[in-house]
Every structure is written in structure tokens, then in C-alpha cells.
Amino acid sequence: MSTKVRITTLQNMKAQGEKITALTAYDYTFAYLLDACGIDIVLVGDSCGNVCAGYETTLPVTMDEILYHVKAVRRGINQALLVADMPFMSYQESCEQAIHNAGRFMKEGGAEAVKLEGGLPVCETVRRLVAIGIPVMGHLGFTPQSLHEFGGYGVRGVEEQEAERIKADALALQDAGAFAVVLEKVPAALAGEITRSLKIPTIGIGAGVNCDGQILVLYDLLGLYDKVKFRFVRRYADFATATREAVRKYIDDVRQQKFPDESESY
Ligand code: KIV
């Protein structure tokens, strides 16, 4: 029988070389299914802005929108660690703003930790949050909230200078008290180096196999969101095709009066 995943569990897993599993979820039903499978971390990512709300980027998604998803996911989870993603401009203005919004995720949403993007520039915020009892997961490499600054979806940390900065940022986040760091779209060798240099776990997405754990957007893994497919995504199912087939079949059945039949009627 698996037990409640806590931040200490993740630290022990890293120490024992046991890989950490993480996925995003945005609603009660999927949260409940993931939890029953024994996933370690469920992240309510700001990717809900893309896959649930249909925004082009994660930038427009608001605190209230993510909070709605956090509350739903909370009701589906017993064992996994629930992490809520701080949306763009919910923590960048000031430490007070970050404390206020992270506090809402914990108090109103039932999150057990928050995630925010960036390195050195957010370390003071991370320190303040951790000091008042709000665990923080960092996020480095390709950080989607900086899409316009990056000018595209390319791999980060390929150039020596940027790789050095990402390594320094990872250490700075650890120093500030972050309990884990997501590494997104960085070369596998760089992610491996960072993973070995940190005491806290790294969770990779497009960062190779040497991270302490892996995360994917659930809709990507399920092949439910099939508009784009990044190289780092492995589709374990084709829910988009299955959904289209099922819905077309339903439409045909209704039109031909094959649904409902007697057994489905009162
Ligand atoms: O928003 C998100 O889903 C994320 C992860 C995939 C790391 O930040």
C-alpha cells in the first residue's frame, strides 16, 4: 500500500536513486485516476491555459482560473503531492504579491506546494515563501512564461554561457530553500550535471533520462491534445482519435435511432 507523498519522501527517493513520477492534472476525474495509479506528484500546471482554456500561450491564464482547477484536483487526490503553478504576473511584482497568491493556493485550493519559474531573480521570493511554510518547486531551462523573451520554443542552455547560468540558478534555488527543480527542454548532459550537483531532486521535461524524475502534460501523454507534439513527448495513448471515433459513432447512433435502446430506457 502506498503512503502519502511528502517533500521528505521526494528527498529520500533522490537519496535512494528511486525515480520520481509527476504529471499534470486539471480536474477531479483525472486527478483521481492518477492518484490511484500511484503517481508521486500532481501538478496543476499553467498549461491548463493551453489545454483547458485554449489560450495560445500560458501568459493569459489567471490565478482564479488555476485556483478553480486546483480545488477540483484536490478533491481527487489522497496520496500524491499536490503542486499548484503560479501563473504569469502572480509572483513577479513583489514578495508580498507572491505570498498572497501562493497563500490562496494553499489555503483556498488545498495545494501542498507551489511552482514558479526563474532562477536568481525569484530567489528572494522563494526564500520568503519557504520561511513562512510554503514549499516551492523551481522551474528552469525553457520557462514558458518567458516565451517572448526567448523568441521561440528552442532548447535552452545549449550555449556555454546560458548553461552556466542555468547551473548557477539551480544552486541558487536550492540555497533559497526550493524542494525540487523542474528542468525543461535543456540538453540531457546539462540536466545530468545539474542533477548530480544538487541535493534536491530535479524533475525533467525534455531534459533526458538523468533527472531524478520526469513530468509530462497529461493531455500530451494521453494523446488528447494533438495540435502540436514536441520531441520530448511520448504519447502512451491516442485519446484524440478514440474521442473522435466515439463521438462520431454516438452521432450516427442518435441519428439512426440506435441509441438509446430498450436496455438504456425506462
Ligand atoms: O504548466 C505545466 O504543465 C508545467 C510543466 C509541464 C512542468 O509547468
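This passage describes the overall build of a predicted model and then looks at three of its residues, Asp46, Ala98 and Lys14.

The protein chain of this predicted model contains 11 helices and 8 strands. Its radius of gyration is 20 Å, close to the 18 Å that the globule rule gives for 266 residues, so the chain is as compact as a globular protein of that length. Taken along the principal axes, the C-alpha atoms fill a box of roughly 65 × 40 × 40 Å. Of the 266 residues, 50% are buried. Among contacts with a separation of 6 or more, 59% come from residues 24 or more positions apart. The accessible surface of the chain amounts to about 13600 Å², and carbon and sulfur atoms account for 54% of that area.

With this overall picture in place, attention can turn to Asp46. This residue sits in the loop that runs between strand E2 (41-44) and helix H3 (48-51). Asp46 is buried and yet has no salt bridge. The nearest side chain of opposite charge belongs to Lys115, 5.3 Å away, and a salt bridge would need the charged atoms to be within 4 Å. A polar partner is found instead in Gln145, whose side chain is joined to that of Asp46 by a polar contact of 2.8 Å.

Leaving aside neighbours within four places in sequence, Ala98 is in contact with Met86, Ser90, Tyr91, Gly103, Thr125 and Leu129. Thr195, by comparison, is 97 residues away from Ala98 in sequence, and their C-alpha atoms are 27 Å apart in space.

Thr195 turns up again in the surroundings of Lys14. Lys14 lies in helix H1 (residues 7-15) and, beyond four places in sequence, touches Thr195, Leu198, Lys199, Ile200, Pro201 and Asp212. The relative accessible area of Lys14 is 16%; this is under 20%, so the residue counts as buried.

Terms used:
Residues are numbered from 1 along each chain as its sequence is written. This is a predicted model: local features need pLDDT of at least 70, side-chain atom pairs count only at pLDDT 80 or more; totals for chains, interfaces and linings use all residues. Side-chain values use heavy atoms; hydrogens and water are left out. Helices (H or I, at least four residues) and strands (E, at least two) are DSSP runs, numbered from the N terminus. Buried means under 20% relative accessible area, exposed over 50%, partly exposed in between (1.4 Å probe, protein chains only). Lys and Arg count as positive and Asp and Glu as negative; His and the chain ends are not counted. A polar contact is a pair of N or O atoms within 3.5 Å; within protein, one must be able to donate a hydrogen and the other to accept it, and residues adjacent in sequence count only if both atoms are side-chain atoms. The radius of gyration is taken over C-alpha atoms; the globule rule is 2.2 Å times the number of residues to the power 0.38. Contact means heavy atoms within 4.5 Å. Accessible areas come from the Shrake-Rupley method with a 1.4 Å probe; for residues, only the protein chains shown count as cover.
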